[in-house]
Amino acid sequence: MKEYMELAERAVLEAGDMLTKYTLSFTDAQKADGDPHTLWDELVGFKVSCQLEDSTGLKVYTENYDNPEEQMQEGSFWWVDPIDGTRSMTHGENYFSISAGLIVHGEPVVGAVYQPKKRILLSAFKDGGAFVKAGYSNQRRLA
């Protein structure tokens, strides 16, 4: 499981770096439920999904996927929220993150959440503990 955690970490870190590398200008589009949705949501989702699927062969679902019955038929799959806090991001605030998790038989077993503006990475894997990495440098075990 640790290898899957490290893969999820790399995927969210690289996507977050992509967001912060460029001076971003945002044009809001609207999701059906009224939440903001941008081209960056699509790009980040595509980048993370491709990396995870190419590396593991497992199907990737995102928050925009609208068929949970099909999703739950998969024995194992990745769940990705490309940008949680799009509204915050489009307003130049620091309160958004990119997350990826591995679900096996309905149970989350790996997760990684990255806050690009704060450069904080949280990750965990089942029976292996939870970790925080700030500024990419020092990793310490939380639990």
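Mentor: Start here: α1 and α2 cross in a right-handed way. Keep in mind that this is a predicted model.

Trainee: At roughly what angle do the axes of α1 and α2 cross?

Mentor: Roughly 155°, and the axes come within 10 Å. Angles over 145 degrees count as roughly antiparallel, so α1 is roughly antiparallel to α2.

Trainee: Which residues make the contact?

Mentor: From α1, the list includes Tyr4, Leu7, Ala8, Ala11, Ala15 and Leu19. From α2, Trp40, Val44, Val48, Gln51 and Leu52 are among them.

Trainee: Take glutamine 51. Is it buried or exposed?

Mentor: Buried. Its relative accessibility is 17%, and the cut-off for buried is under 20%. Glutamine 51 belongs to helix α2.

Trainee: And what is glutamine 51 in contact with, beyond its neighbours in sequence?

Mentor: Arg10, Ala11 and Glu14, once neighbours within four places are set aside. Arg10, Ala11 and Glu14 are also among the α1 residues that make the helix contact.

Trainee: Tell me about arginine 10. Where is it found?

Mentor: In helix α1. Arginine 10 is partly exposed, because its relative accessibility is 42%.

Trainee: How far apart in space are glycine 16 and valine 44?

Mentor: 8.0 Å, C-alpha to C-alpha. In sequence, glycine 16 and valine 44 are 28 residues apart.

Trainee: Switching topic. How many helices and strands does the chain have?

Mentor: Four helices and nine strands. Along the sequence the pattern reads α-β-β-α-β-α-β-α-β-β-β-β-β.

Trainee: What share of the residues count as buried?

Mentor: 41% of the 143 residues. Accessible surface is about 8,000 Å², with 49% of it belonging to carbon and sulfur atoms.

Trainee: And contacts between residues 24 or more positions apart? What share do they take?

Mentor: 42%, counted among contacts with a separation of 6 or more.

Trainee: Now the core. How many residues are in the largest nonpolar core?

Mentor: It has 29 residues. Leu19, Val48, Leu52, Trp78 and Val110 have the most contacts inside it. The elements that give two or more residues to this core are α1, α2, β4, β5, β6 and β7.

Trainee: Which element gives the largest share of this core?

Mentor: α1, with eight residues. Leu19 of α1 and Val48 and Leu52 of α2 also take part in the contact between the two helices.

Trainee: Val110 was on your list. What does valine 110 touch?

Mentor: Quite a list, without residues up to four places away in sequence. Met1, Tyr4, Met5 and Ala8 are on it.

Trainee: Where does histidine 105 lie?

Mentor: In the loop between β5 (97-104) and β6 (107-115). Histidine 105 counts as exposed because its relative accessibility is 69%, and the cut-off for exposed is over 50%.

Trainee: And arginine 119? What is its phi near?

Mentor: Near 55°, again a positive value in a residue other than glycine. Arginine 119 lies in the loop between β6 and β7.

Trainee: Is arginine 119 buried, exposed or partly exposed?

Mentor: Partly exposed, at 38% relative accessibility.

Key
Residues numbered from 1 in each chain as written. Predicted model: local features only at pLDDT ≥ 70, side-chain atom pairs only at ≥ 80, totals over all residues. Heavy atoms only, no water. Buried < 20%, exposed > 50% of the residue type's maximum accessible area, 1.4 Å probe, protein only. Contact = heavy atoms within 4.5 Å. Areas by Shrake-Rupley, 256 points an atom, 1.4 Å probe, with all protein chains shown as cover. Core = buried A, V, L, I, M, F, W, Y, C linked by side-chain atoms within 4.5 Å. Axes fitted to C-alpha atoms, helices over the stretch in contact; angles between N-to-C directions. Parallel < 35°, antiparallel > 145°, perpendicular 65-115°, else oblique. Left-handed = near helix turned anticlockwise from the far one by under 90°.
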